[in-house]
Amino acid sequence: MSRPVPEFPTSLGTSDPTTITLLGQDLARDLMGKVSFGELAYWLLTLERPTAQQSRLFEAVLLGLADHGFTPTAIAARLTYLSAPDAIQGALAAGLLGGGSRYLGVTEDTGRFLAGVLAEAGEEPSDEAGWDALAERAVAARKDAGLLVPGLGHPVHKEGDPRTPVIIRIAHEEDLYGPHLALFEAVGRVHPRILGRTLPLNGAGVSGAALADLGLPLELLRGTVLLARCAGLLGHIAEELRRPVANDIYLAVDRNATYVSPEG
């Protein structure tokens, strides 16, 4: 008796000897030269072709997250490339693996935080005062639990992250400003009187709010950040080829290493 042939269903890509099909479209005929990479990425994540408005906001988020200078992820990529220039995939992977709770992962953390608050509230507030009251309860709860509020603060942009107002403005312009962004802005308004200090709404956090309003699954928010950062990391490796600094970084640490007794 013959065993049944297993099936592995996919709605993404497949091919035969003459064609490649992606998302139900003929790749060569229907997509290449007609669809931007950002539009395709959104389509792959949601299985829905984005509108021009959705594409604009989504791609603005990707641009805002692509690079932020010599962050640990970029340094990791450059140093790995220094060590193994024969394996560029290792350098890219090293940078992407550093996307966690402190760098890059804040986007997902913020999206989950906002979605959790909204789910617990059940009904969305009808005015700014209602949003502020909801945000006050959420921020106070985080403070009482000894937890940071995702999306607040930035190591460089102490007076305000320049990406944040742009993403909020685009969301308004494209009629995509939703409850996650509304709650995020309310957090920005109320947190000083609860935390006793004023922190900027950072670009990673506002990106999480915007992506959640776009309807992306929370489980994919960090992956979306990594998609954007991959371009930035590849740019760092390209710059490392043109104007290398990784060896100087390595030597600066190595030559200034100070021995400390294990018992000290």
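In which handedness of crossing does α5 pass α11? The crossing of α5 past α11 is right-handed, meaning that the near helix is turned clockwise from the far one by less than a right angle. This is a predicted model: local features need pLDDT of at least 70, side-chain atom pairs count only at pLDDT 80 or more, and totals for chains, interfaces and linings use all residues. Residues are numbered from 1 along each chain as its sequence is written, and side-chain values use heavy atoms, without hydrogens and water.

**Helix α5 against helix α11**
- Helix α5 (residues 88–97) packs on helix α11 (residues 221–242) at about 130°, with axes 9 Å apart.
- From α5, Ile-88, Ala-91, Leu-92, Gly-95 and Leu-96 meet Leu-226, Cys-230, Leu-233, Leu-234 and Ile-237 of α11 (heavy atoms within 4.5 Å).
- These contact residues divide into nine nonpolar, one polar and no charged; Gly counts as polar, Cys as nonpolar.

**The aromatic pair**
- The whole structure holds one aromatic pair (ring centres within 6.5 Å).
- Tyr-42 and Phe-58 have ring centres 5.4 Å apart and planes at 80°, so the pair is edge-to-face (over 60 degrees).
- Tyr-42 sits in helix α2 (residues 37–46) and Phe-58 in helix α3 (residues 52–65), so the pair ties together parts 16 residues apart in sequence.
- Both Tyr-42 and Phe-58 are buried (under 20% relative accessible area, 1.4 Å probe, protein chains only).

**Around helix α2**
- The buried residues of α2 are Gly-38, Glu-39, Leu-40, Ala-41, Tyr-42 and Trp-43.
- Their cover includes β2 (20–22), β3 (25–26), α1 (27–31), α3 and α11.

Conventions: Axes fitted to C-alpha atoms, helices over the stretch in contact; angles between N-to-C directions. Helix = DSSP H or I, 4+ residues; strand = E, 2+ residues; numbered from the N terminus. Phe/Tyr/Trp six-rings, centres within 6.5 Å; stacked < 30°, edge-to-face > 60°. Buried < 20%, exposed > 50% of the residue type's maximum accessible area, 1.4 Å probe, protein only.
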